[in-house]
Amino acid sequence: MANGTREGGAEESFRAGLRRLGELYRVRLAGSPSLSVLARAAGVRSKSTVSAWLDGDRMPNDVEHLLGMVRKLREQASALEEAIPAVDQELLEPTWWRERYTEMAGARNHATGLAVQSAQAARAVERYDAESRRAALPDLPRPVADWHPGSLGVHPAVPGTVGAPGGTTGAAADSVLPTSVTDFVLPTYVPRDHDRQLRHRLQQAALGQEPALVLVLGESCTGKTRTAYEAVRSCLPDWDLVFPKDSDSLLGLLDAGLARPRTVLWLDEGQNFLARERGEEVAAQLRRLLERPQPIVVLMTMWREHHRTLTAQPDAPGKDPHPQARALLTQAIGFRVPAAFSPEALRDISGTRDPSLAVASLASRDGTLTQTLAAGPQLVEYYEAADGSPACYGKAVLTAAMDARRLGHGPALPDGLLEAAAPAYLNETQRAGAGADWFAGALDHGRHRIKGVVAPLGEVAAAGGMGARPGQRRLADYLDQYGRLARSYVCPGAPFWEAAERFAADAADLYELAESASRRGRYAVADTLFRRAAERGHAPAWAEMARLRETRGCREEAVELIWKGHDAGDATALLELATWHLEECEVEEARQLVPEIVRTGHPEALLSLADDEELLGSDGEVEQLARAAAELGAAAALTFLGRRRMLAGELGAAARYFRTAVAAGDHHAAFELARMRLVHEDDVPGAVAAAHQAAELGDFFTLGVMAQLVMTVDPAEGERMARKAAALGGLSPARMVNLSFGEYMGRWQGLGVLADRAEATAGAGAGEAILRAAADEGDLHATAWLAARQWDFGDPAEAERLYEQAAEGGYAPALLSLARIRREAGHVSEAERLCRVAVDAGEPSAVGELAQTWEAAGMPERAGSLMVHGLDADGEPALPWLPSRPEHDTSQGIHAVKGWIQIRHGRSIEQDEQDEH
């Protein structure tokens, strides 16, 4: 009994000390830093653990964790102007806590042997539970050599006249009989420059003790996965490899500690892990994994289009869907797989005796062997040729799959969605002629293997890799990419959207499809899909519904939806509400939201508050919130703090903040650093270096701006910078269609600097030759720029020809330029047709242009109704779907809706009218 009393007294004394420390934290330190920051300092996962310590409700298992928190609190206390009372100072001394912990541990050593045995038994149970959890995981590591390439996502190839599975060459190939078309044919691998670079990096990883994130980028069917497979097999043959099939499996194996040293974490099609539901959680966990010193390789493949989406900077504060993914990908070492083989590589292929390569080299154009090997062109031919019955039903299902993917649905497509959406792609005769088993036949059509290699619709692997998920299909990558180009000007009809509402796989799919509907003027459709997403747990969907209402005068309902989003866990929802209050000059109402926003502890929310001086009462509050956001991992907060130091003349401190932010992936910091070096320090080499850092982070606009400034002091360097900015990191001009705004501005700035340089050195006309050369290479932006120049120079016929060329190539803004020309020429019906195509393409300003066209034709009521209610699912003017409001005065035409002066790139209708073309 005495032993128990001694142990209990020591423990209660320790708990009393923890409660005193908690009171000091809450009262003297005003709850700063945040619990999340203290948890990181303590090395524990959850802020609730730290909170329980400070309440005396929980004891730390390891004193070192507690001491980490104490040191952080002492650091915070040292910054206070008012000293901590002497009686409480011992609470901030690690030595005092270590002594108390030792006393308690000594008392515990007097516990009975039964307690020891009980603890041992508990640990045994914990080990058993951990082993049971590992055994229950669907995807487990196994040696690299045990993995078949097909299991890792490598496409089989079309067989030649003689096949050699596994890439056999030489004499052995002559003795192999022709393979069946169902065999997995893996042709001889011909390494290229990117292979040598990738293998060098993996060899470094094999010899070192540090983690590496390796990213293999390329378009569909260019050989990304085969490149990664061959590199791993060559450089890491004695390592383990684990291939999680979805985010849940990945998070489970990370939680179970199965990402061990000398393991390759294989994430084929990485966008499926980072851009879907739980993507931010996945990215955060991977960042933590990469912070631990151990030899491990996270190898990810990804389409370049998805990489641009995930790494794009947010357009506005509070609207950053991928901060963790962007920070993760910033750490990656990237290797780009070109779409075509170079002439040198083609010569290397001609020296092989591989029959598949021989067939592909004869059938391919422009060196696109990997696409031919994967039967990509044949897939398209098979799809396009299926017009008659019953093949038309298979084509309808494939088209529904294409549209679902390009409009935002994830790769696992439910059968219910495909079956319900298919009528949108069939005419009345085809629908009437469909038999009872039409869908089964359509699926059979989709499962037909082209050249024995790939089917238009594949199965979705079950978690664990064995068998397929019932009732789900996956569209072939090549058809997916083809659909994004061939159908970019098409918006599906009502059956598709109704099917999406009923059968979309999850809340994230509903949300993305709703975004696509909204961009295409289908506001009622979007609202319905957003509501379904919100009801299924996607918190940001509430705010999207709120925005649809607030811009249309339904403020009360919008505010209610914002609060629903906040209550559902959307940490940035109240920022939207605060902005609305400020727009109406309701400053006090906005300030009343500040404490609730701060309580979210979300770094983006804290930084947004710090960046809005109207919401805060003092400069000290600004600094405190920005620091808190920085401590929570927001790189933009470091840039914000650096900018404040720069404006205060503290250039050394500013530079430290900027460099740290750049290292964390914030390209804005690179711009600020370059500007500071050039403007404040007259350091041209330093500015050039910072501008190149911005480009490495994907910000080519900063590089182009700095090129223009550097050109005055070092023309050669300025020209090199401008060329790099215009090249956008090596992106083919023919693929410069759907650029982000930042990429667009970088390209334009770089070409502009080069054109000005050419005019100055080679005379009049040389600048236009730069743009024409870019257009000839397939850059549709350059084609549109040339069209605008021709219009300005009084050649409308040439301007129209160039705009038409750009529009036919898939550059949707050119449709609107043509529409304005036709409208001004009195061809209203043709202008309306072009606007409708642009609306269906999702061009942001197209709804406003269509409304202007109707207003110019003397239909202001029709224009006003469009602005308020948008179009229905089939593209006709929608019936009213919002409660009637006085603000809904459709007789005002294009001005019927608040906020509709803002359209693409922050421009306004009035500005476009001034600029004309």
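Hi everyone, let's start with a pair of strands: E2, residues 212-217, and E5, residues 296-302, run side by side in the parallel sense over six bridges. (Two strands pair if DSSP finds at least two bridges between them; strands, E, of at least two residues and helices, H or I, of at least four are DSSP runs, numbered from the N terminus.) Within that pairing, Ala-212 sits opposite Val-297 of E5.

A word on the source: this is a predicted model, where local features need pLDDT of at least 70 and side-chain atom pairs count only at pLDDT 80 or more, while totals for chains, interfaces and linings use all residues. Residues are numbered from 1 along each chain as its sequence is written, and side-chain values use heavy atoms, with hydrogens and water left out.

Now, where do E2 and E5 belong? They are part of an open sheet of six strands with mixed pairing, in the order E1-E3-E4-E5-E2-E6. E1 (142-143) and E6 (333-336) are the edge strands; each has a single partner, so one side of each has no neighbour in the sheet. Across E2, E3, E4 and E5 lies helix H10, residues 224-235, running at about 160° to E5. (Axes are lines fitted to C-alpha atoms, for helices over the stretch in contact, and angles run from 0 to 180 degrees between N-to-C directions.)

On to helix pairs. Two packed helices are described by the angle between their axes and the distance between the axes. Take H33 (603-610) and H34 (619-631): their axes come within 8 Å and cross at roughly 155°. That makes H33 roughly antiparallel to H34, a label for angles over 145 degrees, just as those under 35 count as roughly parallel.

Which residues of H33 and H34 make the contact? From H33 come Pro-603, Leu-606, Leu-607, Leu-609 and Ala-610, and from H34 Val-622, Leu-625, Ala-626, Ala-628 and Ala-629. (Contact means heavy atoms within 4.5 Å.) By class, that is ten nonpolar, no polar and no charged residues.

Our other pair is H37 (667-680) and H39 (700-710), packed at about 10° with axes 10 Å apart; H37 and H39 are therefore roughly parallel. Here Phe-671, Ala-674, Arg-675 and Leu-678 of H37 meet Thr-702, Met-706 and Leu-709 of H39. This contact has five nonpolar, one polar and one charged residue.

Last stop: Glu-798, in helix H44, residues 796-808. Is Glu-798 buried or exposed? Its relative accessibility is 18%, so Glu-798 counts as buried, which means under 20% relative accessible area with a 1.4 Å probe, protein chains only. Leaving aside neighbours within four places in sequence, Glu-798 touches Arg-772 and Gln-790.

Key: Parallel < 35°, antiparallel > 145°, perpendicular 65-115°, else oblique. Nonpolar A, V, L, I, M, F, W, Y, C, P; charged D, E, K, R; others polar. Buried < 20%, exposed > 50% of the residue type's maximum accessible area, 1.4 Å probe, protein only.
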